[in-house]
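Here are some notes for a colleague who has not seen this model before. Please read them with the structure open.

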Amino acid sequence: MDGVLVHEEHLIPGADAVIAELTADETPFLVLTNNSIYTPRDLRARLLRTGLDVPESSIWTSALATAKFLDSQRPGGSAFVIGEAGLTTALHEIGYTLTERDPDYVVLGETRTYSVPAITHAIRLIVAGARFIATNPDASGPSREGITPATGAVAALIEKATGHAPYFVGKPNPLMMRSGLRSLGAHSENTLMIGDRMDTDVLSGLEAGLRTILVLTGISDRDTAERFPFRPTRVIDSIADLVGQTKDPFPVGVEG
C-alpha cells in the first residue's frame, strides 16, 4: 500500500487508474500492508480520502495474517497484545481472549505508544512460557516528524531480554502471501506481487512463488535493488506504468 499506491495521505499518480482497471476487469486483487495498527475498515476510509476505492475485503494486513496463523495453530486461544485496534480486532474476530495473565501467546504489533510497563510485562510472560509472535519485522517506519521505531525494533529488545526470538508472520514471511492467495482463491502461478521494498515485498513474493514488480516510488531504488542477491521480475518507475497493462504486466522483453 504505502510506497505503491499512496505516500502518507497522498495518492501516487496512476494508482487510481490501475485500481479502476482491475475492478472493471473483475481481476481479484489484495492491497497488502505490514502495518497492523489499522483495521481494513480504517484503511478503506484512508484510501477513499486519497481517491482510491478499495473494498474492505481487498485489504490484507499483517494483523489479519497473524490472526489467521494463530487460529490455525491454537484455535480459541489467548494472548497478551501490544498493539492497536487493527490487531486486537483481528484477534477478537477469531475468538481469541485478550488477557494479561497466563496467555498462550504474547503478540507484538505496531503502535505509536509503546510503553515500558507493557514491554516489561510481555518479557515476564515470555520468560514464564508464553509463545512470542510478532506481526512483522519492520524495524522502523515513517511519520510526519521523521523515523519512528516499529515492531521489529521492539521485538529485538524483547528477544534480547528473554532469549526467545519471535515468529514474524508478516512480510517477508511467505506465509502472509500464501494466506492472501487463499483468501483470493488464487494460485501463485497466475498472481504477481507489486511492491516498493526489495527486502519485504519482492522477497516474500519470490519465496511464495510469485512473479514480482518493483516500483521506484517508495523505499528501494535501482541502485539498492542491484545489491540484493535476488531480482524482481520487472522494475518500473511507478504503478502508473501498469495502466493498460494489468492483463499483461510482463510484455515480451521486459522480464529478467
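**Notes on the model**

1. The largest cavity has a volume of about 30 Å³. A cavity here is a set of points, on a 1 Å grid over the protein atoms alone, where a 1.4 Å probe fits but cannot get out; the volume is the space filled by probe spheres set on the points, which are joined across faces, edges and corners.

2. This is a predicted model, in which local features need pLDDT of at least 70 and side-chain atom pairs pLDDT 80 or more, while totals for chains, interfaces and linings use all residues. Residues are numbered from 1 along each chain as its sequence is written, and side-chain values use heavy atoms, with hydrogens and water left out.

3. The lining of the largest cavity consists of Met 1, Asp 2, Thr 33, Asn 35, Tyr 38, Leu 43 and Arg 46; lining residues have an atom within 4 Å of a point. By class, the lining has 3 nonpolar, 2 polar and 2 charged residues (nonpolar: Ala, Val, Leu, Ile, Met, Phe, Trp, Tyr, Cys and Pro; charged: Asp, Glu, Lys and Arg; polar: the others, Gly among them).

4. Arg 46 belongs to helix α2, residues 40-50 (helices are DSSP runs of H or I with at least four residues, strands runs of E with at least two, numbered from the N terminus). Arg 46 is buried at 10% relative accessibility (buried is under 20% relative accessible area, exposed over 50%, partly exposed in between, with a 1.4 Å probe and protein chains only). Its side chain makes a polar contact of 2.7 Å with the side chain of Asp 2 (a pair of N or O atoms within 3.5 Å; within protein, one must be able to donate a hydrogen and the other to accept it, and residues adjacent in sequence count only if both atoms are side-chain atoms).

5. Most residues other than glycine have a negative phi, and most peptide bonds are trans. Glu 26, not a glycine, has a positive phi of about 55°. Glu 26 is in the loop between α1 (15-24) and β3 (31-33) and is exposed, with a relative accessible area of 69%. Asp 102 also has a positive phi, near 50°; Asp 102 is in the loop between β6 (97-98) and β7 (105-108) and is exposed at 72%.

6. The peptide bond joining Lys 171 and Pro 172 is cis, with omega about 10°. Pro 172 is placed in the loop between β11 (167-168) and α7 (174-184).

Technical notes: On a 1 Å grid over the protein atoms alone, a cavity is a set of points where a 1.4 Å probe fits but cannot get out, and a pocket is an open set with protein on both sides within 12 Å along at least five of seven lines; lining residues have an atom within 4 Å of a point.
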